[in-house]
Amino acid sequence: MSATILLQALLSGMTNGAIYALIAVGLTLVFGVMRVVNFAHGEFLMLAMYGGYLAWAHLGLDPIIAVVLVVPALLALGVGLFETLIRPAMRVPEINQMAVTLGLSLLLQYLALMVFKADNLLIVQDRSTASLWIGPVLLQMPQAIAALAAVLLLIGLYIVLRKTDFGLIMRAVSQSRDGAALSGIDIGRTYRWAMGIGIGTLGVAGPLMASVLYVNPHIGALFTLKAFVIVIVGGMGSFGGVLLGALLVGVAESVAGVLTTASVAAAVPFALLILVMLLRPEGLMPVGGGSRA
Amino acid sequence: MTGINRREALLLGGAAVTAPGLFSLGAQAQGSTLRIGVLVPLTGVHASDGARMLKAHQLAAKMINESGGLKGLGGAKVELVVSDIQSKPEVSRSEAERLISRENVSALTGAWASATTIPAAQVSDRNRTPFMITSAVTDAITEQGLKYVFRTAVKAKWFGKYVADFMDTMKKNGMTIDKVALATEDGPAGQAVHANYSSVMPGRGYPIIADETFRTGSPDFSTVATKLRTSGATAILSVAYADDSTVLLRALAAQSFRPLYIGFGGAHVNQTVAASGKPAERTFGVVEWAPDLKKPASEAFVKAFAEAYPGEVPLSNQAQAFAATYALALAADAAASTDRTKIRDALRTLRITDGPASLLPAPELYFDEQGQSPATCVVVQVIDGKFVTVWPDAVAAQPPAPLQG
């Protein structure tokens with residue numbers, strides 16, 4: 001095995017990692033603020049991908065521009081999800097919440113199957129096969145665009161959460177719901193926005209991923225499990241943890257694919273998950289600096 | 001309520017007991033009916049495949065009946081006894097038993113996947129009932145000395161030979177093919193073909209210099225593509241589902257690496273792959289039948305299919321199901337009997353060179369002493385976004401187009 005291939009695996013792994021982070025960040029935001037585990041996260045990604053496809057196929061919009069339309073749509077879906085299903089579900093035990101989001105995930109898959117049928121849909125552009133060469137290795141253009149968008153989105157979210165009053169409120173609710181309520185923060189409103197933004201981030205990921213891959217009703221499932229691994233490895237609710245976890249998962253599976261077989265490489269993220277759960281159950285970058293109580 | 005239901009049930013039961021007797025009396029008076037049991041998965045994971053297969057079986061029966069039935073049996077009609085095997089091997093076994101013992105069918109056909117076909121084959125052989133297999137490719141089915149089992153499909157291990165034959169033709173046409181790379185998915189289908197290619201290719205002068213496996217549903221193929229490109233291979237043989245085919249072909253195109261590319265089977269020869277545009281253009285696929293085959297029976301089948309099911313273009317396995325149903329009817333016709341063993345004996349001597357049943361690419365349809373037909377494959381190429389049959393010459397719609405177009 002040559003150095004070129006290893007270098008390529010590293011670069012591809014980092015690109016994939018950035019894309020995984022783009023998908024997982026909404027999941028960790030929702031969990032961090034609301035303590036709700038959303039198993040339907042991947043299905044909202046699937047809907048966002050269909051959004052990107054439809055904008056390209058029927059309106060002739062470039063997926064990068066489609067993001068401007070799909071983000072508000074997903075944000076509205078997130079708020080709607082909170083008001084209809086999650087708000088009532090927050091008053092019942094956590095296991096019931098999981099059942100609700102799991103049920104929603106299956107429902108959305110079958111609805112998509114009815115509306116869009118099972119066949120793959122593709123966004124075909126000149127850019128689909130373009131590439132950026134960096135010395136002997138390369139980045140495929142659609143992947144590079146998605147990874148760049150991931151970095152920009154993460155920086156944007158970081159600034160919002162760290163530097164604005166809105167972010168301060170989010171962090172306050174995340175640290176102590178009762179404390180925040182006592183300080184006069186409207187918890188319901190904060191939750192609504194957390195869910196809206198958590199799902200809304202998929203509006204960026206969806207159209208860009210649709211141009212990297214293909215769209216079908218089951219594509220969300222390809223990413224849901226990986227997103228959960230990333231969130232748990234990084235530390236549930238942790239922002240920096242998502243980036244670290246995603247890069248780790250992306251690079252580990254890519255390099256393992258070069259060093260061993262595809263079947264082994266597919267198991268690597270889960271082996272990583274087990275290791276982290278055994279050695280650092282709170283995750284690599286837990287919320288609150290990692291001091292165990 | 002219960003009383004009525006019971007009475008109804010009794011009535012229905014009585015009818016069920018007496019009706020077959022009445023029916024067969026009537027049938028004998030005007031020449032008997034040929035009852036063929038059709039094992040198809042209409043529910044479960046293979047439901048969509050089963051529904052497609054059934055359409056082809058039904059079209060064959062309809063065409064036979066509309067053209068006057070079976071002459072050798074006094075104009076007898078073909079009657080299909082359809083059974084849903086639920087995509088499950090154990091249901092396939094019990095339904096085969098039921099069709100043979102209760103429904104009194106003269107022959108069976110079906111049963112989609114190898115996993116659901118093998119148990120039904122054992123049941124039919126034990127019960128001395130001919131079973132015409134449509135689409136299962138596992139080698140062993142026609143290598144175990146079963147006396148009542150026949151197959152229209154290709155053996156899995158023949159694919160490597162056809163692909164090598166095709167590459168020989170391309171070499172003769174001036175293309176350089178010296179080193180081969182394999183790119184296969186890590187599931188059972190991918191690995192079965194992988195084993196076949198690995199054993200055949202080196203002996204045919206095509207050494208395998210790179211061997212990549214990947215997971216179905218991989219989000220990124222750039223590293224696999226880099227390994228294929230840097231291996232120095234002049235041909236890539238892949239086994240992948242349509243999703244991964246698209247992503248792999250894009251990754252290869254992004255690296256401007258466009259060698260001879262041959263995808264495998266119906267999973268690759270799928271319009272969504274051709275729709276990916278430039279990356280798929282001029283790539284090849286090996287498959288058991290294609291709708292543009294230049295053969296009168298094949299063209300007639302496509303036309304009849306479009307009339308019976310408007311807007312639908314048949315796929316390779318549907319052509320096999322059509323030929324299977326026809327072959328059973330022709331054997332009963334030749335035997336002038338609905339007796340199971342007489343039909344079996346007639347299948348052994350049947351030789352079909354023309355007529356609707358000759359739609360498969362092999363010049364002749366017959367069954368050797370193991371029940372295997374001399375089925376062949378065709379090679380299709382994506383030309384202007386469509387799959388076109390380009391090999392073998394005898395049935396090709398046009399010759400192969402150059403790789404760079």
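## Ground rules

Axes here are lines fitted to C-alpha atoms, for helices over the stretch in contact, and angles run from 0 to 180 degrees between N-to-C directions. Helices (H or I, at least four residues) and strands (E, at least two) are DSSP runs, numbered from the N terminus.

This is a predicted model, with local features needing pLDDT of at least 70 and side-chain atom pairs pLDDT 80 or more, while totals for chains, interfaces and linings use all residues. Residues are numbered from 1 along each chain as its sequence is written, chains are lettered from A and ligands numbered from 1 in written order, and side-chain values use heavy atoms, leaving out hydrogens and water.

In chain A, helix H3 (residues 63-89) packs against helix H9 (residues 202-212) at about 140 degrees, and their axes are 7 Å apart. So H3(A) is oblique to H9(A); angles under 35 degrees count as roughly parallel, over 145 as roughly antiparallel, 65 to 115 as roughly perpendicular and the rest as oblique.

Who touches whom? Among the H3(A) residues meeting H9(A) are A:Val67, A:Val70 and A:Leu74, and the H9(A) side includes A:Leu202, A:Pro207 and A:Ser211 (contact means heavy atoms within 4.5 Å).

## Annotated spans in chain A

An unreviewed UniProt entry annotates "transmembrane region" over several stretches of chain A, including 17-37 and 65-86. Residues 17-37 are 86% helix and 0% strand, with end C-alpha atoms 21 Å apart. For residues 65-86, the figures are 100% helix, 0% strand and 31 Å.

## Chain B domains

Chain B is assigned domain 1 (31-154 + 295-358) and domain 2 (158-287 + 378-395), with bounds from an automatic or database assignment. Their centres, taken over C-alpha atoms, are 32 Å apart.

Technical notes
UniProt positions are given in the numbering used here, feature names are shortened, and annotations may be inferred rather than shown by experiment.
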